[in-house]
Structures are given as C-alpha cells and as structure tokens.
Amino acid sequence: MNKPGTRTEKSVSLTSAKIAVARIASYLWEKGWAERNAGNISVNMTGFFAATKKPASNARFIPLSRAYPALANMSLLISGTGTRMRNIAERPGDNLCLIHIAPDADRAFIAGTTMPTVKPTSELPAHLAVHEALALRKGPQKVVIHTHPDALVALSHIAQYKNESSLNAMLWSMHPETIVVLPEGAGFVPYQTPGSAELGAATGEALMHHRV
C-alpha cells in the first residue's frame with residue numbers, strides 16, 4: 001500500500017509528462033546543449049497506459065527499421081522531427097508526439113488526432129535501441145536525452161580521445177566528481193550516420209554497460 005501523499009506510476013498524466021519534458025527542453029536550450037533542431041528527448045510512458053493500444057481508423061503507421069521485441073506495446077512520448085528545444089519548451093503539445101509500438105514490434109503508430117503534423121524525430125532508431133537496452137537489462141531509467149554539449153563534441157574530434165579508455169581518463173582527471181557519478185564511465189561509439197539503424201544498434205549496445 002502506498003503511503004498517503006505518494007503517487008503511483010499510473011497517477012502521472014500525459015499532460016504532466018509534457019510539462020516535465022518542456023522544462024528539461026528549456027534547460028537544454030538555455031545551456032546551448034541542443035543547438036537549432038539538434039537534440040531530442042523520449043520518455044517511456046508505458047506504465048501510464050493500458051498494455052495494448054488499438055490504433056484509430058485514421059492512425060498513421062510508422063515502419064521501423066527492424067523489430068524491437070522487448071518494446072512490444074510500449075508507449076513513447078518523443079520530440080518531433082525538426083523541432084527545437086525552445087519550441088518544445090514553449091509549445092510541448094505542438095512539438096511532441098505519442099507513439100505506440102505495435103504488438104509485432106516492427107511498426108508503430110502515432111496516437112491521437114490532435115497533432116497530425118508531428119512525426120517522431122529522425123533519431124527514432126537510436127531512441128528505440130536505447131529503450132530496448134534498458135528493457136533488456138531491466139534498468140529503471142525511463143527517459144533518453146540526446147544533446148550536443150560543446151566540450152564533448154570538441155573532445156571527440158581529437159584523435160587521441162577517440163576511444164573509450166582515453167576519453168574517460170580525460171573526463172575523470174578534469175572532473176573528479178565524474179568517477180563518483182559515472183564509475184562505469186561514458187560509452188564511446190565510433191561515428192555512424194545520424195538517424196541510421198546502425199547508429200541505433202551501436203548506441204543500444206553501448207548503453208547495455210553505460211548510462212551515458
């Protein structure tokens with residue numbers, strides 16, 4: 001039994017989730033970590049909905065690059081393609097969309113009809129791969145945030161740090177607190193085409209052993 005005043009997972013609404021995403025988007029925009037329309041966010045909302053969602057007669061289906069069996073029937077709130085963090089912060093309803101993964105897990109459909117022009121970010125394969133990794137390892141995390149912090153982008157262009165061990169040694173030496181917060185270090189994925197299934201697969205594999 002829950003203690004008085006506590007919230008169950010089911011009690012959190014889609015509206016409150018959008019407000020939370022908008023708040024994070026505003027922070028990322030102010031920090032400059034998601035310039036222009038770069039960067040995106042997804043939230044696993046599966047616990048807040050019935051296990052199975054039936055698509056509406058006019059539902060827009062999205063073919064997936066591959067099947068994600070671990071994500072069957074998942075509900076995902078995700079930033080729209082071409083949207084910017086400042087847009088999400090100001091108008092989350094116009095720049096986020098809710099998708100449901102079909103039972104066969106090789107396609108998804110956009111929920112509702114109030115946001116017909118919003119499609120999921122082109123980085124959907126990477127988000128699905130990360131959520132799949134979390135599901136397979138039974139991780140408690142529900143949110144995937146993709147950003148472009150300038151310092152890390154610059155660091156990744158220096159040849160000697162284009163590997164996991166050197167990159168983490170540098171991070172731990174520059175910011176000793178990092179080893180406390182991320183004792184496993186950050187995962188490093190060699191360059192892949194943005195939005196590709198290959199990037200999604202490589203990112204998902206890295207996230208099996210890392211949180212960043």
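User: Before we start, what are the ground rules here?
Analyst: This is a predicted model, where local features need pLDDT of at least 70, side-chain atom pairs count only at pLDDT 80 or more, and totals for chains, interfaces and linings use all residues. Numbering starts from 1 along each chain as its sequence is written, and side-chain values use heavy atoms, with hydrogens and water left out.

User: What makes up the secondary structure of the protein chain?
Analyst: Eight helices and six strands. Along the sequence the pattern reads α-β-β-β-α-α-β-β-α-β-α-α-α-α. Helices (H or I, at least four residues) and strands (E, at least two) are DSSP runs, numbered from the N terminus.

User: Why is alanine 34 called buried?
Analyst: Buried means under 20% relative accessible area, exposed means over 50%, and partly exposed is in between (1.4 Å probe, protein chains only). Alanine 34 has 0% relative accessibility, so it counts as buried. Alanine 34 sits in the loop between H1 and strand S1 (40-44), and its C-alpha is 5.3 Å from that of threonine 147, although the two are 113 residues apart in sequence. For the protein chain, 39% of the 212 residues count as buried.

User: How do you know that arginine 66 and glutamate 132 form a salt bridge?
Analyst: The rule asks for a side-chain nitrogen of Lys or Arg within 4 Å of a carboxyl oxygen of Asp or Glu. Here the N to O distance is 2.6 Å, so the pair meets the cut-off. The two partners are 66 residues apart, with arginine 66 in the loop between strand S2 (60-63) and strand S3 (75-79) and glutamate 132 in helix H4. Glutamate 132 is at 12% relative accessibility, so it counts as buried, while arginine 66, at 34%, is partly exposed.

User: Why is glutamate 90 called exposed?
Analyst: Because its relative accessibility is 56%. Arginine 91, its salt-bridge partner at 3.7 Å between the closest N and O atoms, is at 39% and therefore partly exposed. Shared partners join Glu90, Arg91 and Asp94 into one salt-bridge network. The total count is four salt bridges.

User: Why are H4 and H8 called roughly parallel?
Analyst: Angles under 35 degrees count as roughly parallel, over 145 as roughly antiparallel, 65 to 115 as roughly perpendicular and the rest as oblique. Helix H4 (residues 124-136) and helix H8 (residues 197-206) cross at roughly 25°, their axes coming within 7 Å, so they are roughly parallel. Axes are lines fitted to C-alpha atoms, for helices over the stretch in contact, with angles from 0 to 180 degrees between N-to-C directions.
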